[in-house]
Amino acid sequence: MTISASRKDLASAAMFLAIGSYFTLEALNYDIGTPFRMGPGFMPVALGGVLIVLGLIVALTAFRGPDTDEPTPFPWRGLVLILGTIVFFGATIRGLGFIPVVFLSALATAFSSRANNPIAAVIIAVSLCALCLLIFVVGLGLLVPWFGPWLRF
């Protein structure tokens with residue numbers, strides 16, 4: 001007898017279970033505390049437990065049936081652009097400043113999806129740049145120059 005299951009759902013469940021188990025086991029090295037007096041390990045254990053439960057639910061739903069659609073090719077463009085954006089952000093935030101780095105990072109990550117066209121990518125980048133400026137610089141008082149020393153105006 002063969003068991004038919006969704007490979008995508010089983011892979012997702014395995015990822016949830018692995019990450020949740022890792023964080024839960026690592027957080028057990030810290031003081032957990034109580035719900036009213038939480039220790040540093042409380043939230044990682046709680047969130048790891050939630051990931052484990054979600055992984056079990058996804059694993060159970062995988063047995064409803066096999067995948068019916070064709071496997072899609074691996075999204076190399078998205079992987080390269082998003083990972084490259086993280087490196088770019090860390091390497092240039094002090095030199096370019098907050099606004100250009102957030103704008104270029106948002107623009108690159110918007111282009112990681114084939115569903116975005118250039119106009120949508122610029123709208124996403126401008127919106128995210130304004131939102132990050134309001135939240136981090138104005139709201140939280142992050143001490144980073146809006147424009148860095150590499151851009152002399």
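What covers the buried residues of α2? I will come to that in a moment, after a word on conventions. This is a predicted model, in which local features need pLDDT of at least 70 and side-chain atom pairs count only at pLDDT 80 or more, while totals for chains, interfaces and linings use all residues. Residues are numbered from 1 along each chain as its sequence is written, and side-chain values use heavy atoms, with hydrogens and water left out.

To return to the opening question, the cover over the buried residues of α2 includes α1. Helices here are DSSP runs of H or I with at least four residues, strands are runs of E with at least two, and both are numbered from the N terminus. Within α2, the buried residues are Phe-42, Gly-48, Gly-55, Val-58 and Ala-59, where buried means under 20% relative accessible area, exposed means over 50%, and partly exposed lies in between, with a 1.4 Å probe and protein chains only. From the α1 side, Thr-24 sits in that helix, residues 7–27, and it counts as buried because its relative accessibility is 15%. Leaving aside neighbours within four places in sequence, Thr-24 is in contact (heavy atoms within 4.5 Å) with Pro-44, Val-45, Gly-48, Gly-49 and Ile-52.

Let me turn to α3, residues 76–96, which holds Thr-85. Thr-85 counts as buried because its relative accessibility is 9%, and, not counting residues up to four places away in sequence, it touches Ser-105, Ala-108 and Thr-109. Between Thr-85 and Ala-120 there are 35 residues in sequence and 18 Å in space, C-alpha to C-alpha.

In the loop between α4 (98–110) and α5 we find Asn-116, which is partly exposed because its relative accessible area is 25%. Setting aside neighbours within four places in sequence, Asn-116 is in contact with Ala-110 and Ile-124, whereas Leu-134, 18 residues away in sequence, lies 25 Å from Asn-116, C-alpha to C-alpha.

Leu-134 also belongs to a nonpolar surface patch of about 740 Å², together with Leu-128, Leu-131, Ile-135, Phe-136, Val-138, Leu-140 and Leu-142. Patch members have over 30% relative accessible area and no salt bridge, and nonpolar side chains (Val, Leu, Ile, Met, Phe, Trp, Tyr) are joined within 5 Å, like charges within 9 Å; a salt bridge is a side-chain nitrogen of Lys or Arg within 4 Å of a carboxyl oxygen of Asp or Glu. Val-138 is placed in α5, residues 118–139, and counts as exposed because its relative accessibility is 55%.

Finally, the record: UniProt, in an unreviewed entry, lists residues 12–30, 42–63, 78–107 and 119–147 under "transmembrane region". In the model, residues 42–63 are 91% helix and 0% strand, and residues 119–147 are 72% helix and 0% strand, with end C-alpha atoms 24 Å apart. Such annotations may be inferred rather than shown by experiment.

Key
Areas by Shrake-Rupley, 256 points an atom, 1.4 Å probe, with all protein chains shown as cover.
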